[in-house]
Amino acid sequence: MLRIDVSAQDLARIQFAARPAPLVELKLSLMMLRRPDSEQTFGRWRRGLRQRLPATTRPLRDLLSPYRGPAFLDPLSMDLPTGTSREQLSQGLHDAYSAVLGAAWPRVTALHEAEFARYALNAAERGVAGALATLCAGSRLVEGCWELDAPYQRHVVSAGRGLVLLPTFHWTMAPLIAENEGEPVLVVYPAGPGSPIVPGAAGEDALALVLGSTRAHTLRLLSDPLSTSELADRLGVSRGEASTHAAALREAGLINTVRNGRAVRHQLTALGTLLTKGAGQGNSCASHRPAVPH
């Protein structure tokens, strides 16, 4: 079991990684490549990937085992040039990224945005402690200790440093921890579908993965305050349906409804604004494609 002591100060300093980290995702993808399990779901992906990986990636792969990897790939860098500190591995990292994640990175970014939205909604409804308890399977908060099911024993004392939560979409085993002195504890947890990540459709809407397409559209329409009638006209639905969608978003803490006499107007809360800006639509995923060293 993995146990992380979390004080009130730690809970107040919890962060959710703004974007997926390409080095961490690449490292865990290559570790999945070397694992012998889940052959039914990952077998074809592994065989195809072994054929695509060029010889330049061999030094990198030699550093990895099915369950452990080098610590210098763990820092939460948001681009490969910043995270790559070993010149002799730069070409291997570039080629491995292109073969493993290049085409699928917009999909990884969309899934990350959807996971961020899910976490934010849980935090709004249940508080930060409640969101931690539902972050992933086998997660629970017991008397100031965050417990996560794992096939090993480890006790981490965060000591007020706080936590950074980073979902990964290729790793399917227990959450992983990275500690650097004086920095928040990095918690990397599995959030993928349990199968290989394939490139998504163009224009995929991350927010719709969480809210559904109509309510995601409703939330974006309310970037400008609207009455129920105006919202119904914009959605092309009845006032009753518009009111139902607004009520669901209000219950989740994403909008407020303000009454002025007989009229009501719906408007985004701070959380709703954050989600509509963070979970982009259309080409937003492509805009977050990380730079890769040459």
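**Exercise 1. Find out which residues Leu101 touches, leaving out those up to four places away in sequence.**

Step 1: The contacts of Leu101 are Pro22, Glu25, Leu26, Ser29, Ala96 and His170, where contact means heavy atoms within 4.5 Å. Before you go on, a word on the model: it's predicted, so local features need pLDDT of at least 70 and side-chain atom pairs count only at pLDDT 80 or more, while totals for chains, interfaces and linings use all residues. Residues are numbered from 1 along each chain as its sequence is written, and side-chain values use heavy atoms, with hydrogens and water left out.

Step 2: Now pick Ser29 from that list. Ser29 and Leu101 are 72 residues apart along the chain, yet their C-alpha atoms are separated by 8.5 Å.

Step 3: Leu101 sits in the loop between α6 (90–100) and α7 (105–133). Helices here are DSSP runs of H or I with at least four residues, strands are runs of E with at least two, and both are numbered from the N terminus.

Step 4: With a relative accessible area of 0%, Leu101 is buried (buried is under 20%, exposed over 50%, partly exposed in between, using a 1.4 Å probe and protein chains only).

**Exercise 2. Work out where Arg161 lies and which polar contacts its side chain makes.**

Step 1: Look in the loop between β5 (154–157) and β6 (163–168), and you'll find Arg161.

Step 2: Arg161 has a relative accessible area of 17%, so it counts as buried.

Step 3: Its side chain makes a polar contact of 2.8 Å with the side chain of Glu179. A polar contact is a pair of N or O atoms within 3.5 Å; within protein, one must be able to donate a hydrogen and the other to accept it, and residues adjacent in sequence count only if both atoms are side-chain atoms.

Step 4: A polar atom of the Arg161 side chain also lies 3.1 Å from the backbone oxygen of Val157.

**Exercise 3. Decide how α10 and α11 are oriented: roughly parallel or roughly perpendicular?**

Step 1: Helix α10 (residues 228–235) and helix α11 (residues 239–251) pack at about 100 degrees, with axes 8 Å apart. Axes are lines fitted to C-alpha atoms, for helices over the stretch in contact, and angles run from 0 to 180 degrees between N-to-C directions.

Step 2: That makes the pair roughly perpendicular (65 to 115 degrees; under 35 is roughly parallel, over 145 roughly antiparallel, the rest oblique).

Step 3: Residues in the contact include Leu231 and Leu235 of α10, and Ala242 and His245 of α11.
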